[in-house]
Amino acid sequence: MKEAVLEIEGLEASAGGKAILRGIDLVLRAGEVHAIMGPNGSGKSTLAGALAGRPGIEITGGKVRYRGEDLLTLAPEERARRGVFLAFQYPVEIPGVSNNYFLKSAVNAVRQHRGEEPYDAMEFLSVVREKAALVEMPKDLLSRSVNEGFSGGEKKRNEILQMLLLEPTLAVLDETDSGLDIDALRIVASGVNALRSPERAMLVITHYQRLLDHIVPDQVHVLAEGRIVRSGGKELALELEERGYAWLEKEPKQAAGARSAPAAGAR
Amino acid sequence: MSALAAADERWRRLGADAASALGAGEAPAVAALRRAGLEAFAAQGLPGTKLEEWRYTSLADLAAIDWRLPDERASEVARDTVEALASPVFACGLLVFANGRFVPGLSTLRAPDVEVTTLAAARRANDGRTLPKLGSLVDVKRHPLAALATALLDDGVSIRLPAGARLEQPLHLVFLSEGAGAPVAVHPRVWIEAGRGSHAVVVQDHISLGDGPALSNAVTELHVGPGARLEHVLLQRESFVTFHVSNTAAQLERDARLGTHVVSLGGRLVRNDLSVLLAGEGAEARLSGLFLCTGERLVDNHTSVDHAVPRGTSRQLYKGVLAGRSRGVFRGRVLVRPGAQHTDARQSNPNLLLSDGAEIDGKPQLEIHADDVKCSHGSAIGRVDENALFYLRARGIDEPAARALLVRGFAAEVLGALPEPALAEALGDAFAELLGAPS
C-alpha cells in the first residue's frame with residue numbers, strides 16, 4: 001500500500017463558536033484523488049480551511065497528520081512550504097500587488113524551503129509563461145494586481161496556475177468549479193489533471209458531480225452535518241447527482257464512516 | 001512664561017538679530033521680505049493647539065528645544081555620501097544644500113535650458129529678476145512658520161524655466177540637515193517658475209546626516225505658467241529626531257498642470273502645508289501624498305485647493321500608514337469660489353492602521369460657492385485585510401512579509417503616480433524596510 005499523505009482522525013472544528021466538523025476520518029494515499037461532496041452547510045469549506053490553517057477555524061478535537069507530521073500545529077505558510085495547497089473558493093483580490101510579483105514571492109518561498117535556489121526575474125518569467133499557457137491565462141493577468149477585476153473564471157484559473165507553480169504534494173480544491181462555465185471548467189480540470197502523479201494526493205471538494213466527469217476521483221465521500229456519512233467509488237457521485245442529498249440525511253445512523261455499497265434500491 | 005511663549009521670544013530675537021545683521025549691501029527686496037516675515041511672525045507667534053489648524057499637532061516639544069541657526073563653517077559632506085543618498089533619481093542636475101547653504105562642490109547641472117541661481121548669489125548681485133517674486137505666493141500672515149522662515153531667509157534656490165523649455169530628466173534638490181552637536185534650525189527656500197508651455201520634474205529631497213536634532217522649516221513656491229507642466233516631489237526621509245515643517249504654495253495659470261507628490265518617511269514631527277491656487281481657467285492640479293508613521297511619530301498634512309476660476313480640475317489622494325503609537329492628521333480644504341463653474345474637484349484619504357495604538361484624524365472641508373460643479377471627498381480608515389493575509393500565507397509567504405506586501409500594495413497607488421519609476425521602486429523599498437524595522 002502506498003504511503004499516506006494525509007491522515008485525518010476524528011477531526012472536530014468550530015467556527016464562530018458553532019461546531020461544524022463533528023469527527024472526520026479520512027486517509028489519502030499518494031497518487032489518490034478523493035472527492036468530498038455534500039450539501040451547503042455540511043462543513044466542506046471548513047474542512048478545507050482547517051487543513052490550510054485558516055484563522056477563525058478552531059480545532060476542538062482530533063488529529064491531522066501530513067506525511068507523518070502533525071499538520072495542525074503548523075502556521076499556514078509552513079503548511080504551504082511543505083507542500084499543502086488550498087485552491088480558494090473565493091480567491092482574494094489584492095490591490096497594488098502585481099500578480100507576477102505575488103506568484104514569484106510564493107514560488108521562491110516554497111523553493112527556499114526545499115533548499116532550492118530562488119528564481120530570478122528572468123527565470124521566473126519563462127516558468128510562469130509556460131504554466132500560464134496550460135491554463136490559457138491571458139498575459140495581461142500576470143501584470144495586473146492579484147485577482148483584481150478578474151472574472152470568476154480568471155480567478156479560478158489563477159488558483160490553478162498557482163497550484164501548477166507550487167507543485168504541491170497535497171492539493172485541496174475548494175469548490176473550484178463553482179461559477180465556472182463549461183470551457184473554464186475544462187481548462188481548470190486539465191490543469192488539475194496535469195498535476196496528477198503517483199506522488200501527489202488531491203482532495204476535490206465540490207457541490208456538483210460535473211467536475212468529476214473531468215477529474216475522475218478514486219473515492220467519493222459525502223459530508224453531511226460535519227461527518228462523512230458515506231464513502232464509495234466514483235459511481236457514488238453519479239448517484240448523488242440523480243437523487244440529491246436528502247436521502248442520505250434520512251439515514252444518518254447507517255452512514256458514518258461506511259464504505260459500503262450504495263443503499264439498496266439506489267440503482 | 002509657557003514653552004511656546006518662551007520659544008516665540010527666542011525666535012523673535014534670532015529674527016531680529018538676523019535682520020540687524022543684514023549688511024549695508026543687502027538687496028532691498030530681501031531686507032523688506034525679511035522684515036515682513038518678522039512682523040508676521042511677531043504677530044502670530046508659534047501656533048498652539050487651540051488654533052483649529054494646529055489642533056492635533058502640538059509644537060510644545062519643538063518649542064522646548066534651544067535651536068541655533070547654522071554657523072558659517074563650510075560643509076564637510078563627502079561626495080560619495082551625497083551620491084549614495086541621491087542615487088534613485090537619475091537627474092540632469094543635482095543641487096546640494098547643507099544646513100540650508102548651497103554646496104557648489106557637490107552640485108552639478110547639465111541643463112542649459114533652465115536658469116538656476118542660488119538665493120545667496122541673487123542677494124549678492126541684487127538680482128532684479130529673481131528677488132522681487134520671492135514670497136509672492138506664500139501667505140506669511142496665515143502661516144506663522146513660513147513667516148519665521150521668511151524672517152530668517154538666507155540661502156536657497158530659484159529655478160526658472162523659460163517658455164517652452166523641457167527638462168528631459170528631473171532636477172534633484174538635496175537638502176541635508178547635519179544634526180551634529182547643538183540642535184540646528186535650517187530654513188530651506190525654493191522658488192520654481194515654469195514658463196509658458198515648459199515641462200519639468202523637480203525632486204526636493206530632505207535628508208539627515210548625523211543623529212542630532214534638527215528643525216527643517218522649508219518654504220517652496222511654485223508658479224506654473226500657461227500650459228506648463230510641473231511635477232514636484234517633496235521627499236522627507238530625515239532622522240526620527242528631526243522636526244520637519246514645510247509650506248508649499250503653488251499658483252497655476254491657464255491650462256497649467258501641476259502634480260505634487262509628498263512622501264514622508266522620516267521625521268519625529270512632520271507638518272506639511274500645501275496651498276494650491278487655480279488662477280487660470282482649465283488648470284489641473286493633482287496632489288498626492290503618502291506617509292508611513294511608526295513609533296510615536298506624527299505626520300500632519302494640510303492641503304488647501306482654491307478654485308478661483310471656471311473649468312479647474314483638482315485631484316487629491318493622500319494615503320497614510322500608521323503603526324505603533326503614531327499619529328496622523330489629514331485636513332484637506334477645497335474652496336470653489338463664486339463663478340468657478342465646471343470645477344471638478346475630488347479628494348480621497350484612505351488610511352491604514354497597523355496597530356491599536358495608532359491614530360488618524362482626518363477632516364475634509366469643502367466650501368462650495370458655485371452651483372455647476374462636481375466635488376467629492378472620501379475618507380476611510382482600515383486595517384490589513386485578514387483574508388488577504390491568509391491568502392498570501394497559504395501560498396508560503398510568511399506573515400511579516402505578507403503584511404509588508406499588503407502595505408506596499410496599499411501604497412502602490414501613490415508611488416505609482418510618481419514621475420520616476422526608479423524613484424517609486426526605491427521609495428517602495430525604503431517604505432518596506434521602515435515597516436519591518438522595530439520601532
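Q: How many C-beta neighbours inside 10 Å does Glu167(A) have, and what does Glu167(A) count as?
A: The general idea first: a residue is buried with 20 or more other C-beta atoms within 10 Å of its own, exposed with 12 or fewer, and partly exposed in between, the C-beta atoms being placed from the backbone. Glu167(A) has 18 such neighbours, so Glu167(A) counts as partly exposed. This is a predicted model, where local features need pLDDT of at least 70, side-chain atom pairs count only at pLDDT 80 or more, and totals for chains, interfaces and linings use all residues. Residues are numbered from 1 along each chain as its sequence is written, while chains are lettered from A and ligands numbered from 1 in the order in which they are written.

Q: Where is Glu167(A)?
A: Helices (H or I, at least four residues) and strands (E, at least two) are DSSP runs, numbered from the N terminus. Glu167(A) sits in the loop between helix H6 (152-166) and strand S9 (170-174) of chain A. Its phi is positive, about 45 degrees, although Glu167(A) is not a glycine.

Q: And what about Asp255(B)?
A: Asp255(B) isn't a glycine either, yet has a positive phi of about 55 degrees. Look for Asp255(B) in the loop between strands S12 (242-252) and S13 (257-264) of chain B. With 19 C-beta neighbours inside 10 Å, Asp255(B) counts as partly exposed.

Q: In what order do the four strands of the open sheet in chain A run?
A: Two strands pair if DSSP finds at least two bridges between them. Here the order is S2-S1-S4-S5, with antiparallel pairing. S2 (18-29) and S5 (69-70) of chain A are at the edges with a single partner strand each, so one side of each has no neighbour in the sheet.

Q: Which residue is the bridge partner of Ile8(A) in S4(A)?
A: That's Val64(A). Strands S1 (residues 4-15) and S4 (residues 57-66) of chain A pair antiparallel over eight bridges.
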